[in-house]
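My entries follow in the order in which I made them.

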Amino acid sequence: MAGHSQFKNIMHRKGRQDAMKSKLFGKLAREITVAAKLGTPDPAMNPRLRAAVVAARAENMPKDNIERAIKKALGGEGENYAEIRYEGYGPGGVAVIVEALTDNRNRAASDIRSYFTKSGGNLGETGSVSFMFDRVGIIEFDSSVASDDAVLDAAIEAGADDVISGEGGHEVYASPDSFHEVAKNLEAKFGEPRKAALTWKPQNTVAVDDETGEKLVKLMDLLNEHDDVQNVYANFEISDALMAKMGG
């Protein structure tokens with residue numbers, strides 16, 4: 001699990017939260033609507049919708065906004081979004097995965113390709129970098145919910161693959177197939193997690209110098225700020241000094 005803290009910082013870096021709050025709510029609502037359209041509108045019966053609602057609550061999205069996003073799916077309102085995964089290399093040859101929900105494939109592809117090109121990287125084919133990542137489910141709880149041993153025991157019993165506990169909380173990893181069942185069992189024991197989602201976890205991380213790191217962080221911010229982009233993952237580590245300088 002070397003480089004784990006960097007993984008957490010880089011993979012889930014949302015930039016300056018206050019300025020991006022409304023944009024973030026829009027992205028969360030889009031995922032809720034898509035999840036509700038693809039399955040039942042009941043979060044208890046729809047694992048993807050449940051995960052989307054948990055993510056929205058973790059960002060303090062108002063309950064009304066969540067319910068409105070679900071009703072939009074029920075009423076057949078809104079655009080039909082395509083789910084697309086883009087893969088490519090950023091500055092320094094760093095592997096990057098971008099997940100998008102878009103109502104305009106041409107616009108999304110054009111914008112994302114230009115971000116890669118301008119940063120000194122290049123967009124590749126689907127599958128060009130994802131082999132360097134593992135697709136896993138992650139369930140996070142605050143450290144206050146239980147002791148490290150108690151969470152470990154519960155996670156093993158629930159069928160999880162790995163647990164990392166520290167000052168920042170408990171992180172439970174599970175395979176995509178068992179993820180929703182593991183999350184449900186742990187929620188029954190410890191309450192609603194602060195995060196429950198499928199993610200791309202790099203098998204190895206690459207340390208980059210500060211100059212390359214600065215370009216990469218700017219690319220991550222550009223991608224995250226795009227309306228169509230839901231998640232961005234990469235396999236690099238940067239220094240603590242640069243992380244502080246870039247406001248991470």
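This is a predicted model: local features need pLDDT of at least 70, side-chain atom pairs count only at pLDDT 80 or more; totals for chains, interfaces and linings use all residues.

**Entry 1: glutamate 79**

I found glutamate 79 in the loop between α4 and β1, and β1 covers residues 82-89. I then looked for its contacts, leaving aside neighbours within four places in sequence, and found Lys37 and Asp103. I also looked up threonine 102, which is 23 residues from glutamate 79 in sequence. In space, the two are 8.9 Å apart, C-alpha to C-alpha.

**Entry 2: the chain as a whole**

I stepped back to the whole protein chain. I noted 9 helices and 10 strands. The chain has 248 residues, of which 45% count as buried. I took the contacts between residues at least 6 apart in sequence and noted that 73% of them join residues at least 24 apart.

Next I checked the confidence. The mean pLDDT of the chain is 88, and 90% of its residues reach 70 or more. Where does pLDDT stay under 50? One such stretch is residues 1-6, with 13 contacts beyond four places in sequence in the model. Another is residues 8-16, with 29 such contacts. I marked both stretches in my notes as having pLDDT under 50.

Helix α2 runs over residues 17-38, and I looked up serine 22 in it. Is serine 22 buried or exposed? Its relative accessibility is 59%, and the cut-off for exposed is over 50%, so serine 22 counts as exposed.

Alanine 35 has 1% relative accessibility and counts as buried. Not counting residues up to four places away in sequence, alanine 35 touches Asn46, Arg48 and Leu49.

**Entry 3: asparagine 60**

I looked up asparagine 60 for its backbone angle. Its phi is positive, about 60 degrees, although asparagine 60 is not a glycine. I located asparagine 60 in the loop between α3 and α4, where α4 is residues 63-74. With a relative accessible area of 62%, asparagine 60 is exposed.

**Entry 4: phenylalanine 133**

Phenylalanine 133 is placed in strand β4, residues 133-141. I read 4% for its relative accessibility, so phenylalanine 133 counts as buried. Which residues is phenylalanine 133 in contact with, leaving aside its neighbours within four places in sequence? I listed Ala95, Ile97, Trp200, Lys201, Pro202, Gln203, Tyr233, Ala234 and Asn235. Lysine 201 is 68 residues away from phenylalanine 133 along the chain, yet their C-alpha atoms are separated by 5.2 Å.

**Entry 5: helix α6**

I then took a helix and sorted its residues by burial. The buried residues of α6, which spans 148-158, are Val151, Ala154, Ala155 and Ala158. Looking down the axis of α6, I see these buried residues within an arc of 100 degrees, so they line one face of the helix. The face turned away from that buried side carries exposed residues: Asp149, Asp153, Ile156 and Glu157. What do the buried residues of α6 pack against? I noted β5 (162-166), β6 (169-174) and α7 (179-190). After α6 comes glycine 159, with a positive phi near 100 degrees.

**Entry 6: the second largest pocket**

My last item was the second largest pocket, which holds about 240 Å³ of space. It is lined by 16 residues, and those closest to its centre are Pro47, Arg50, His180, Ala183 and Lys184. Two elements give two or more residues to the lining: α3 (47-58) and α7. Which element gives the most to it? I noted α7, with 6 residues. By class, I counted 10 nonpolar, 2 polar and 4 charged residues in the lining.

Methods. Residues are numbered from 1 along each chain as its sequence is written. Side-chain values use heavy atoms; hydrogens and water are left out. Buried means under 20% relative accessible area, exposed over 50%, partly exposed in between (1.4 Å probe, protein chains only). Helices (H or I, at least four residues) and strands (E, at least two) are DSSP runs, numbered from the N terminus. The arc is that of the directions from the helix axis to the C-beta atoms. Contact means heavy atoms within 4.5 Å. pLDDT is the predictor's confidence in each residue, from 0 to 100. On a 1 Å grid over the protein atoms alone, a cavity is a set of points where a 1.4 Å probe fits but cannot get out, and a pocket is an open set with protein on both sides within 12 Å along at least five of seven lines; lining residues have an atom within 4 Å of a point. Grid points are joined across faces, edges and corners, and a volume is the space filled by probe spheres set on the points. Ala, Val, Leu, Ile, Met, Phe, Trp, Tyr, Cys and Pro count as nonpolar, Asp, Glu, Lys and Arg as charged, and the others, Gly among them, as polar.
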